[in-house]
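Notes below, in the order I went.

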Amino acid sequence: WGLLLLAAALGAMAAARCPAPCVCDNLHAHVLCLNGSLTAIPDTIPELTKKLDLRGNSFMVIPAGAFLATPYLTHLDLQRCKVEKLEEGAFRGLGRLVYLNLASNGIALLYQESLDGLSSLQQLILEGNRIEEIQPGAFGHLGSLTVLDLRANALVYLPDMVFQGLQVLRWLRLSHNALHVLGSEAFAALPALRRLSLDHNELQALPGEALARLDGATRLDLGHNPITYVAEEALAMASLRHLFLDHAYLQDVAPDAFARSPQLRMLDLRENQLQGLPPLAGAGGLARVSLDGNPLLCSCLLRPFHNWLARARVQAEGACAAPPALRGRSLDSLKTPEMRCGRLRPPPSPPAPPEQPGAAGSRPCPRECVCSPDFHHGSCENRDLREIPRHFPRDTRLLDLRRNPFRTVPPDAFPGLKELVSLHLQSCSIRALHPGAFRGLESLVYLYLTDNHLSTLAAAAFEGAPQLAYLDLDHNTFTRVPAGAFRLLPNLISLHLQHNAIGELADGDLAGAGGLRWLYLAGNAIRHIAPAALAPSKMLEKLQLEGNHLSEVPTAALWGLPALSELKLSRNPIKHMGDSVFLPVASSLQHLYLDNMGLEWISPHAFTGLGPKIRSLYLESNKMSNIPDMSNFTGLEILNLQDVPFHCDCQLLPLHRWINKLNLRIGATCGSPAEARGLKVKLSTTFQTCPGWAQDEAGETSPNKTKATSKPSKKKRSGKSLAGGYSKSRA
């Protein structure tokens, strides 16, 4: 009896500690705090919790030691929590954690100690952040990791040894980034890797040197990259069995391209620009080649390949595009005499493979700094330097000069650093960048100028740095976008101008930024966007305007942005939303943020044109009492309607019906009438007096509803404070 009383007491204590607005399942040691308004990790989570689900909150920063009070966690879910920064030691003390999900946040940079303490972690999900750079050593403490998911971030470059420490990693997912530079040793420390996903990137050539380090990999996904040519012996992967090169720009493949990948069985070349292939004599074990969607010219030039298919007993999928007499014929149906030659243009010459940089000369490290030859890093962080040091080793690729009072960057400030890829100049009190400041940095991809005092910027500062793709100018003193400053940056993909004092976007401000994909303008004072202000950036995919002074949706400025998939207007004082305000981007928009605006009224036709493509819609913390019909938003994965004072009368019945059909947690509650205030729209009984309610119930009664009337609900049992029951902080 004593043990039973102790168990009951412990259960009661655990129930009492369950933080608002969470649900605590003491039997399974699970805690759910979903889609709430939490801004900090609760400090009263039961210590013995094993699974903690915090999806849909607003933490912004995960501070050091945030989970020290819950050392028994094995699963932690932080999806969609608006996390922008992981402080060093954020997860320290979680030595039992095996699963960590940080997907769909705003994390931009992974530091060396960001993931310290996760020695048992097996799966790390970082999909859908805005990670631009990973510092080598960031994963050094994750010796048990088997799956690393970095899809849909903003990576352009992978430095050497960036995955060092991941000795048992089996699947590395890097799809849907913008990778076009891979260090030759980027994958050198992955002895157990079996699958590598590099599809949907910007690789212009097969990264053969980097891939040659993957002796054990059996599957490689390289589809949807602008690769035009596969050279001789381009791929040396001893265990590779499945290679995907679909939806690229391939025009030619060398006969011995895969000679050093003897285990290759399946080759996917669908949807390329191949008119034919030579006999792939080097790929002796090949069993299947897929060529569907290529403009195959079934002339005499294709005979050697066709004959090789028969001799090697390789199954080929594909059909002729020409000549007209053979159009549509499958390769396996062709006979050699049918493939004749008339007058034919010679096939285009394959583009020359890119030149390899020469060996870098060695130079000593500046006296005030530390240089790491293994990682090609140099660091002079926080050394109170007044001038930018010189004479770094010529093969330096990452240079960290943060927190030094330089004030200016003079011309030719970084001589001899042709291989430099990433330059950190945050918090350096910089007021001016002189013309030619970055001259000679021909490989520079990342430039961080955050937390300085820049108010103007001339294009001449970037002369000689044509590869620059990521420019971070957050937290400076710009009062307008520096017009024309980007005309010497043809490869600029991401521009950060958050938390400045910009008052408007004018025509011509983005001149020259034709390749821009992500534009971050949050936390400024923008009141107006000119109709043609965004026109130069026709490839724009993400536009973040939250926390400005816009009083209406900038509809006119959205025309001509056919690729825009994410639009953030949160925390702008937009009170009314008229008809068809998102029509210009209706065919591409997937993620729409309209939360915390004080929005009072939305036209029934505001969402005209939007439909199945919309995956997430954020409308929380507004003041409207009704919303337009969204029944055609069939692709929704996230819908947030928390803290909206819905008026639960018969006019809201269509929303009530629609919500009941959704398998989503949306948080909609009634604000009025008084008898319904605080009730969930989904569960409110006020709709039972509405015309048509009885027919709805008769026609739509589901097994779940029947089950609910025949069994007591969990909510009735949750009031018990016995160990193993449910406890909820509020009904």
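This is a predicted model: local features need pLDDT of at least 70, side-chain atom pairs count only at pLDDT 80 or more; totals for chains, interfaces and linings use all residues.

I then looked up Phe438. Beyond its neighbours within four places in sequence, Phe438 is in contact with Val409, Phe414, Leu423, Leu425, Leu433, Leu447, Ala461, Phe462, Glu463, Gly464 and Ala465.

**Helix H3**

Next I checked which residues of helix H3 (residues 303-312) are buried. I found Phe305, His306, Trp308 and Leu309. Down the axis of H3 these buried residues fall within an arc of 160 degrees, so they line one face of the helix. I recalled that an α-helix has 3.6 residues a turn, so residues three or four places apart point the same way.

What do the buried residues of H3 pack against? I got strand S23 (315-317). On the face turned away from the buried side, I noted the exposed residues Ala310 and Arg311. Just after H3, Arg313 has a positive phi of about 55 degrees.

**Asn177**

Last, I went to the loop between strand S13 (171-173) and strand S14 (181-182), where Asn177 is found. Is Asn177 buried or exposed? Asn177 is buried, at a relative accessible area of 5%. Its side chain reaches the backbone oxygen of Ser175 at 3.3 Å. Leaving aside neighbours within four places in sequence, I listed the contacts of Asn177, among them Leu150, Arg151, Asn153, His200 and Asn201.

Technical notes: Residues are numbered from 1 along each chain as its sequence is written. Side-chain values use heavy atoms; hydrogens and water are left out. Buried means under 20% relative accessible area, exposed over 50%, partly exposed in between (1.4 Å probe, protein chains only). Helices (H or I, at least four residues) and strands (E, at least two) are DSSP runs, numbered from the N terminus. The arc is that of the directions from the helix axis to the C-beta atoms. Contact means heavy atoms within 4.5 Å. A polar contact is a pair of N or O atoms within 3.5 Å; within protein, one must be able to donate a hydrogen and the other to accept it, and residues adjacent in sequence count only if both atoms are side-chain atoms.
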